Amino acid sequence: MRLSKYFLPVLRETPKEAEIVSHRLMLRAGMIRQEAAGIYAWLPLGLRVLQKVSTIVREEMDRAGAVELLMPTLQLADLWRESGRYDAYGPEMLRIKDRHERELLYGPTNEEMITEIFRATVRSYRDLPKILYHIQWKFRDEQRPRFGVMRGREFLMKDAYSFDIDEAAARLSYNRMFVSYLRIFGRMGLKAIPMRAETGPIGGDLSHEFIVLAETGESGVFCNSDVLDLPIPGVDVDYDGDLKPIIEQWTTLYAATEDVHDAARFEAETPPEKRINTRGIEVGQVFYFGDKYTKPMKAPITGPDGVERPAQCGSYGVGVSRLVGALIEACHDDAGIIWPESVAPFKVGIANLKVGDGPTDTACAQIYAALEKAGVDVLYDDTDERPGGKFARLDLIGLPYQVIVGPKGLAEGKVELKVRATGARENLPVTDVIARFIE
Ligand code: 5CA
């Protein structure tokens with residue numbers, strides 16, 4: 001992408017409404033724009049990150065055996081009356097009437113709708129287990145939307161739902177999603193710790209929140225510092241095999257949110273020097289709630305014994321749009337964002353320090369064309385901004401690599417390659433810099 005043709009409205013001033021660094025940087029880097037309280041437009045640079053995050057989530061869901069579908073954002077109120085949640089949900093639910101006075105709502109979550117889809121089609125244990133998921137916008141009329149996309153009213157969620165014949169099988173599905181979450185956040189370069197958690201309006205008695213430690217997080221958390229060093233399951237993890245050892249490894253050390261914290265147990269199980277009590281960002285949550293929806297909504301499954309029983313279920317959410325903010329909270333410095341490569345909007349930024357200078361334009365064009373051809377995501381700054389402005393902008397938007405091209409270096413046959421995360425710089429011939437990204 002040529003920057004002269006792109007849409008990257010960076011802000012010079014620090015927006016004063018933004019209280020935390022990720023919100024400030026997302027506004028300054030031209031990633032989002034607030035359209036109403038807690039409701040954001042995703043500008044091109046932000047959208048690219050949102051899509052990269054979605055892709056990782058999708059790939060790992062598919063790998064774990066979940067199947068993607070897409071449910072609508074609007075749902076019938078009557079569906080939620082069947083489960084009893086229409087009245088229980090309260091003012092966070094956005095309720096709407098259509099022209100026929102039919103009551104609708106903008107979905108804050110989809111347990112009812114997926115149960116309706118499931119019960120219409122699946123009757124036998126032979127069709128189980130099933131894990132279905134989608135990546136869709138949600139609306140929750142939060143009392144206090146804040147921190148940009150971290151607590152929005154409209155936000156993008158991946159929500160998955162599992163259906164099983166009995167509790168033992170349902171726990172296997174829970175474990176699958178749990179392991180998949182370790183991989184999802186690990187691939188993004190985040191340390192997200194599964195912590196025992198409250199189940200709230202979703203229900204059930206077994207739940208873990210996946211928490212990224214950050215002072216700016218909204219949840220108070222307690223854990224053993226050793227949990228930060230546990231290994232992420234590899235790409236070859238066998239989802240049909242025994243996942244219990246992984247779950248045990250990740251749930252034995254103390255880790256709990258403040259809602260379910262047990263101080264006595266924490267102190268008994270955790271040596272004083274390993275006790276962490278801090279705040280964190282909840283990037284995902286998994287729930288097992290059995291037949292909370294399938295029973296009142298009548299979604300029976302016939303077992304091998306010929307007897308009907310409600311399917312046993314869980315649901316599994318990832319805050320896709322919140323993750324974009326969480327990633328910035330975890331990865332930034334004074335100059336701006338430092339994207340992990342797996343979610344970076346572009347991998348490489350090329351800065352042309354003297355647009356109009358023949359050799360400089362030629363070298364830039366050569367690098368740009370070679371990277372584009374090789375399928376490397378590259379942003380070419382071919383604007384007439386002065387060099388200092390180009391450096392600051394590239395640092396701000398946080399692309400992992402910068403290729404800096406100017407007449408001085410080219411006189412010696414070299415361009416500069418800068419690694420955003422470390423600040424390391426190297427002077428290399430044009431062909432070598434291209435080879436670095438094409439290997
Ligand atoms: N139905 C279940 C799981 S599919 C569910 O709704 N779980 S949840 O309420 O925990 O939401 C899932 C994830 O969405 C959360 O872990 C969080 O990362 C994200 N999320 C929740 N509320 C918001 C919000 N207001 N703004 C941004 N992200 C949010």
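Visitor: How do the residues of the lining of the largest pocket divide into nonpolar, polar and charged?

Guide: The lining has 14 nonpolar, 16 polar and 13 charged residues. Here Ala, Val, Leu, Ile, Met, Phe, Trp, Tyr, Cys and Pro count as nonpolar, Asp, Glu, Lys and Arg as charged, and the others, Gly among them, as polar. The model is predicted, and totals for linings use all residues, while local features need pLDDT of at least 70 and side-chain atom pairs 80 or more. Residues are numbered from 1 along each chain, and side-chain values use heavy atoms, without hydrogens and water.

Visitor: What makes a residue part of the lining of a pocket?

Guide: On a 1 Å grid over the protein atoms alone, a pocket is an open set of points where a 1.4 Å probe fits, with protein on both sides within 12 Å along at least five of seven lines; a lining residue has an atom within 4 Å of a point. For the largest pocket 43 residues qualify, and Arg-140, Arg-151, Glu-282, Gln-285 and Arg-322 lie nearest its centre.

Visitor: Which strand supplies the largest share of that lining?

Guide: β13, with seven residues; strands are DSSP runs of E, at least two residues, and helices runs of H or I, at least four, numbered from the N terminus.

Visitor: What is the volume of the second largest pocket, and which residues lie nearest its centre?

Guide: The volume is about 400 Å³, that is, the space filled by probe spheres set on grid points joined across faces, edges and corners. Of its 20 lining residues, Arg-171, Leu-172, Ser-173, Asn-175 and Lys-244 lie nearest the centre. α6 (167-187) gives the largest share, seven residues.
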